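Student: I would like to check the reasoning behind some strand assignments. Can we go through them in turn?

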Amino acid sequence: MRSDILQSGPASSISGEYEWFFWTMVTVCTLVALGIAIVLVYSMIRFHRKRENQMGSQRQLNIPLEVSWTAIPFFAFIGMFAYGAKLYFDIERPPDNAIPIYVVGKQWMWKLQHPGGQREINELHVPINQPVKLTMTSQDVIHSFYVPSFRIKQDVLPDRYTSIWFEATRPGKYHLFCAEYCGTKHSGMIGWVYAMEPHDYQAWLSDGGAEGSLASMGQKWFHQFACANCHHFDSAGRCPDLRNLFGKPVELSTGETVVADEGYIRESILDPRAKIVNGFQDIMPSFKGQISEEQVIDLISFIKAIGPQSNIEQHTSPGSVPQEYGNQKGIAGPGTVSISGSKPETR
Amino acid sequence: MQPALALVPKNYLTEKQGLLSWFFTTDHKRIAILYTASITALFFLGGFFALLMRLELLTPETNLVQPETYNKLFTMHGIIMVWFFLIPSIPNTLGNFFIPMVIGAKDLAFPKINLLSWYIFMLGAAVTIYALFRGGVDTGWTFYTPFSTSYSTTYVVAAAIGILIAGFSSIMTGLNFIATIHKMRAPGLTWYRLPIFVWSMYATSLILVLATPVLAVTLLMVAVERLAQVGIFDPALGGDPVLFQHMFWFYSHPAVYIMVLPGMAVVSEIIPAFARKPLFGYKAVAYSSMAIAVLGFLVWGHHMFVAGTSVYSAMTFSLLSYFVAVPSAIKVFNWTATIYGGALSWDTPMLYAVGFIGLFTIGGMTGLFLAALGLDVHVTDTYFVIAHFHYIMVGGTVMAYLGGVHYWWPKISGKMYPEGLAKLSAMAVFLGFNLTFFPQFILGYLGMPRRYAAYPPEFHMLNVLSTAGASILGVGYVMPLCYLLWSWKYGKEAEPNPWRATGLEWKTPSPPPTHNFEITPVVTWNAYDYKAQQEELQLVP
Amino acid sequence: MSPEIAPLALHEQFANPNQQRETASFGMWIFIISEMMLFGGLFVAFTVYRMYYPQAFDDGSAGMDIVLGSINTAVLICSSFTMALAVYSAEVGSRKLVSAFLVLTMIIGAVFLAIKFTEYYKHFLDHKAPAVWFDSAGPGGPKIELFYVFYFIMTGLHALHMIVGIGLLMATLIRNLAGQITAAYYTPIEVAGLYWHFIDIIWVFLYGIFYISGLHK
Amino acid sequence: MTPAVSRRTYLFTWLTLLGLTLLTTLLGFINMGPFSIVIAVALAAIKAALIAGFFMHALFEGKLVRVAIAAGVIWFLIFVSLTLGDYITRGWLPFPGK
């Protein structure tokens, strides 16, 4: 199969621009370095000391020269900064229609979850020509999600979310590395990203044997953890109504306003007291230690699904009815996620 | 000529005898020798770790050492090379020896503090080496939390305390230099008559004094967090690991300039001496040192572009990082202009200095890639970064250090080094260095992450090249150690001013007497005034 | 410069006593700047967390003993005053007064430390000693503990500086008794004074950030 | 040797410092939200300036010492402002961790 071929070169939507910028910089720098080298080599030959008492020229200042070799690099550097910043913004800002995929890093493996509920370890299957947004957190130390061919890298931090996005442009099999030193088997925290033609990807998805979409899993936890007892879907409950919440501004008891994004919802589950919605009491217990990062992700997906922009449904596989899926709390080890074994691309 | 022994004037080496006269000396020149001996030993220890790492990376699999050991090797290599070799290297050896001599002083302002700083440095080194022998540390020299505070099972606290102690030695040295340069200059030696060596050392000292305490307190917090099991940087207890990175790099980025500014200081002395030409753009070079010292504090965030800081903060730091590149560029252009039109003699120090210009230029230019936000995302935390900072610190600082040692060797030891062997070793260092580290730029661009004990097989070829280069580099470093020690005893006697360089240190015998100058000199000339020098020596027609 | 300076007091690397005085005092200033950055690092970390958890940090601050803290601030200001008078006495050449004020400064400094350790003991009894005995139950526990971690590190480091300062004053006192401090050469006491006042400055800020913000609770 | 600062000045400085301490404490009892710590630190800065200026003779020293003090303060402000710059601007972009 074509996607089994290891692809190393650049292969994402931003990598073309990246390569152009990189090699332009290489060219400019090489020319300047060559200029210096030519002066040095020329001097080496031309100005060799011939007599023991010989002296060099005593010129020591040339103001126009000083000004020009201060000013020209300065403006060149401003240009480099500007282009680099533009590229950075492109790398950092995911498009709205990106497939949301969640990543949990731990010593020393990557756990990845598709919105349709497919779970993978150290492997990620994505379609080409379709942006993919990764929302990531770590269970222990800092890791870094790095796919060289896509020219992306983002540190994965414990206890908060970071994100990155990419759009693969060529089908193939690409290295996934952990780029932030994370302990003994840091160099073993590696995996593969499989970029597939859309139809192959659809086949892979439906072959997946997922136990239900993340949102439906979230709905299950929502009842299992008794969230539903307080968070009624009406405005009469003791707790805020979670419908149409995601992505909306929330007014807090301190008078501040925050946007209900992934990080806010995660914090509100694990540390409810940190931000209290205006008009509500501080009565919610903390779920820290009782709920795994994966379950938090499920709950976020659920809240997204009942939110205003539930664009995730279009990517999920059918079957949103919650099924029996591991009652384990805490870490979902490799054994519980063996579903990836039935994937077409699993080695 | 062998004059009667009684007639030979006493110098700093012969005035007092016995081991105790060294351990209780307050003479800046002797303390410099003590420092040189210590850091040379530590350099070869750190180099030994590097050698083991390169051997392990000869094959893609882990077969020489296990990943646990490999992680400890790169950690100890980093810790020893950064804090126990590079930071004290030029300031505490050549700086200690020559700052008072160049400014015409009898000694540093606080000689006892100078000696104390050596003892504190040795204590810090001893504590760190204790950590090493108890089984090492595996956090990387950066001690990133929460790995260092909560997950590592190695001797993190001992290593952190060792570095903290050595930090106080840095602060004392910096303080001593600043006070000395301000208050102890010879009559007539105004700021604009000072050699650039002094300007750069002054800039270095400012960074030492202002940045090192932040490292000390950061490591203190890491140690407290680890010992007391409280959360300062631990997110599980409300801390923020990124704050650790801010505090660490607030020190550790300026620390890069602590390492390279003294290198620039040395090169700015060597080039005029061997071109017999005043340093081109004296004021531009002097101000650029100060600009680096100040701007160097504004750019630490460029180590954290993918660490989870805000995009706007990253943009600020990126722009400021480009600003600090300007003074470095100015220096390179001015050195090149000094060489152009000189009366060049290609002795060993000059070879090292020109090597410095070349390698520092490559290192600096690849820094432009890392400061560009979008480009940094791909190449940060890969071998590209490794190659970049080795070009600055090894290609820059170590080349300059070796150049400076050769340049001033006649003054320090009173003997000439063997020129042929020295040229050979300079070539070996230059070639070996490039063969070691240039392939690493390519490795980084291809995406090989740093700190990997094992790597995918497609990176094999370049790693073999790198290891091959490292073996040449190793030989290049051992050679000077051997022939310099040999020449100390058997070398040809050196004249007071073998290079006919300007500078007050050359106006006193080699080796200098304990108080440096029999009569305190009065300076009426500018730095690098070769014309006046030649006239004085009655060499000019 | 006055000729009455003892020849022994001039170190050989200096050309004249004035150069020696200026260099010593400037050196101490540089050291103080360095110390500023040492505490500066802790202030920065504290500021970040305070900004993140204003509520918890105010709750933590409410557990401070404002009476002891305020008394201690006044005590330290008094010790600075007596230190300044000791330097003044040296300037006018009164050896007895120098000794008296130095002893007084040390005693007041010791009183400060005594009160400080009393406070520590009270925090211990309140179960507010992180890592030893901290009651982090209740809302915001770990973050309040973070407040106390900073409180103990910063005041502890400050107390360490106090102890070093008292040692420095002791050495100065001995030199004064030996007759080495005169109206013409009083650099040692001036330098020791700079250090002592600097410790006072640090405390003034510590008082501001730890004791005040929780008072209204 | 004429003392740089008179005993009268020392006395006034001392009393002012005690007064400012009392003021700091009293203002603390008023709930001013986030401003209470800002005011406390501002008052502490005034006290620090008094101690440095009079007790430590910074006002009567040469330019060099004053430049050194200014450098220390400026460096601390660089450290604070660039660090807080990150924390304040986090979350300005609507993506997690940006």
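Predicted model: local features only at pLDDT ≥ 70, side-chain atom pairs only at ≥ 80, totals over all residues.

Student: What is the strand order of the open sheet of five strands in chain A?

Tutor: The order is β4-β10-β9-β6-β7, and the pairing is mixed. Neighbouring strands are turned by 20° against each other on average, direction ignored.

Student: What makes β4 and β7 of chain A edge strands?

Tutor: Each of them, β4 (123-127) and β7 (152-156), pairs on one side only.

Student: How do you know that β4(A) pairs with β10 of chain A?

Tutor: Pairing requires at least two bridges. Five bridges join β4(A) to β10 (residues 191-196), so the two strands are paired, and they run parallel. Within β10(A), Val193(A) stands opposite Leu124(A).

Student: How do you know that β6 and β9 of chain A are paired?

Tutor: Two bridges join β6 (residues 143-147) to β9(A), and at least two are needed, so they count as a pair. These strands run antiparallel. The bridge partner of Phe145(A) in β9(A) is Cys178(A).

Student: How many bridges join β9(A) to β10(A)?

Tutor: Five, with the strands antiparallel; His175(A) has Trp192(A) as its bridge partner in β10(A).

Student: Why is β9 of chain A called largely enclosed?

Tutor: A residue is buried if 20 or more other C-beta atoms lie within 10 Å of its own. Seven of the seven residues of β9 (residues 172-178) are buried, so the strand is largely enclosed by the rest of the structure. Both faces are covered: buried residues include Tyr174(A) and Leu176(A) on one side, and Lys173(A) and Phe177(A) on the other.

Definitions and conventions. Residues numbered from 1 in each chain as written. Chains lettered and ligands numbered in written order. Helix = DSSP H or I, 4+ residues; strand = E, 2+ residues; numbered from the N terminus. Axes fitted to C-alpha atoms, helices over the stretch in contact; angles between N-to-C directions. Buried ≥ 20, exposed ≤ 12 C-beta atoms within 10 Å, placed from the backbone.
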